[in-house]
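Reader: Hi! Could you walk me through this one while I have it open on my screen?
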Amino acid sequence: MANLTGKKILLGVTGSIAAYKAAFLVRLLIKAGAEVQVLMTKAGGSFISPLTLSTLSKRPVHTDISSEESWNNHVEMGLWADAMVIAPLTASSLAKMACGISDNVIAATYLSARCPVFFAPAMDLDMWQHPATQENVRRLQSYGNHLIPVGHGELASGLVGEGRMAEPEEIVAMLSRFWEKEQSLAGKKVMITAGPTYEPIDPVRFIGNRSSGKMGIALADAAARRGAEVSLILGPSRLSPQEKRVQSIPVQTADEMYQAARKAFQDADIVILSAAVADYRPRETATQKIKKTGDTLQMELVKTPDIAAALGREKRTGQLLVGFALETENELANAQSKLEKKNFDLIVLNSLQDAGAGFNYDTNKITILGKDNKIRKFELKSKQAVAEDILDEVEALRGGGDS
Ligand code: C5P
């Protein structure tokens, strides 16, 4: 049962057909104990009447920054709220928020809000998939805002695909979980490895892989939001964590990652190894750029340290070790054997065979295996939502005292 007792929520409703769901959303928020102040764009008002929402929320709905009688102080509203939720969020309002345009009451309040912001996009399949929309979603997320993932199904246009606004029940549950989890890892030290490693061949070339670091960064941010002190040992990545409580330790090579991990491991309570570490590195790194001479080039590679296996051997009672496995065949059996060999408590399996899962995608589809042959399969979700699932499993294991 969702509990939002005493939470002050600003609900922004923009002009999408999904605006009719805002009525259900307001009812559910109020039922869960929240105070709700509705803000609407003019287009939002064409889809659902402000009177409906003001009756349900028991507060006047603001549709403009100022009216003939009064000025709605968006700065004050932004400070009043414990959370701002924009549902539904159209492609156009999304773009405004991503660019900092403040020409309506929702966009202006968004810019003033200091509270966590959740946004639930709703639009047609092609609008959702357009690179401009996807870039805007990424931008909002990079500002620390929380995406409420779109659903898959029939759209108002008759097309079938992604773009449906999340159901009001899911939105309320996500908000409730957000506050529930807020401090569930307070006082805990979490160490995470993420990203690829680059093993230098010469001053300009390296052996690397396609890992973006997204999954590990999402885990670091999620653990920090739950109150943990997080050390993120991050291989070369374009991305970086959003949460201030994440301490990033940048590394390049497997050897550097190994050294940093050994150090942070000493006082870590929870260790999550999501990095795609190179298994081999060139024996020698040329000091000058290697010239194109013969038709073939031989290079001797040597094994890099297996960080996971080393930490698995050193693991103390009370420390919890979580590994990842990216498999292309015999997935479950390979993941199971890695779990045992590396002394993991949990292993997260993601398969390259699942569309939308793995390297560089914003989504992932995972299976979590535990020591007791427990297998939990999850749906395709945003990497942020996957990070929450992984931490839920970790916390459940800690709660059970089985580490
Ligand atoms: O053996 P494999 O590379 O598939 O194992 C994957 C797991 O081991 C991941 O959790 C990965 O981060 C970790 N690993 C590591 N050091 C290595 C290789 C893998 O920590 N050198």
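Reader: Where is Lys58 found?
Author: In this predicted model, Lys58 sits in the loop between helix 3 and helix 4 (74–80).

Reader: And what is phi of Lys58 near?
Author: Phi of Lys58 is near 60 degrees, a positive value in a residue other than glycine. Most residues other than glycine have a negative phi.

Reader: Okay, peptide bonds next. Which residues does a cis peptide bond join?
Author: Ala87 and Pro88 are joined that way, with omega at about 0 degrees. Pro88 belongs to strand 3 (residues 83–89). Most peptide bonds are trans.

Reader: Nice. Now the helices: at what angle do helix 1 and helix 3 pack?
Author: Helix 1 (residues 21–31) and helix 3 (residues 50–57) pack at about 10 degrees, and their axes are 9 Å apart. Angles under 35 degrees count as roughly parallel, so helix 1 is roughly parallel to helix 3.

Reader: Which residues in the two helices meet?
Author: From helix 1, Ala22, Ala23, Val26, Arg27 and Ile30 meet Thr52, Leu53, Leu56 and Ser57 of helix 3. By class, that contact has six nonpolar, two polar and one charged residues.

Reader: Let's switch to the ligand. How many residues surround the ligand?
Author: The ligand is surrounded by 13 residues, and the closest are Leu273, Ala275, Pro305, Phe324 and Lys338.

Reader: What is 2.4 Å from an oxygen atom of the ligand?
Author: That is an N or O atom in the side chain of Lys338. An oxygen atom of the ligand is also 2.8 Å from a polar backbone atom of Phe324. A ligand nitrogen atom lies 3.1 Å from a polar backbone atom of Ile307.

Reader: And how much of the ligand's accessible area does the protein cover?
Author: The protein covers 85% of the 440 Å² of accessible area that the ligand has on its own.

Notes:
Residues are numbered from 1 along each chain as its sequence is written. This is a predicted model: local features need pLDDT of at least 70, side-chain atom pairs count only at pLDDT 80 or more; totals for chains, interfaces and linings use all residues. Side-chain values use heavy atoms; hydrogens and water are left out. Axes are lines fitted to C-alpha atoms, for helices over the stretch in contact, and angles run from 0 to 180 degrees between N-to-C directions. Helices (H or I, at least four residues) and strands (E, at least two) are DSSP runs, numbered from the N terminus. Angles under 35 degrees count as roughly parallel, over 145 as roughly antiparallel, 65 to 115 as roughly perpendicular and the rest as oblique. Contact means heavy atoms within 4.5 Å. Ala, Val, Leu, Ile, Met, Phe, Trp, Tyr, Cys and Pro count as nonpolar, Asp, Glu, Lys and Arg as charged, and the others, Gly among them, as polar. A residue is near a molecule or strand if one of its heavy atoms lies within 4 Å of it. A polar contact is a pair of N or O atoms within 3.5 Å; within protein, one must be able to donate a hydrogen and the other to accept it, and residues adjacent in sequence count only if both atoms are side-chain atoms. Accessible areas come from the Shrake-Rupley method with a 1.4 Å probe; for residues, only the protein chains shown count as cover.
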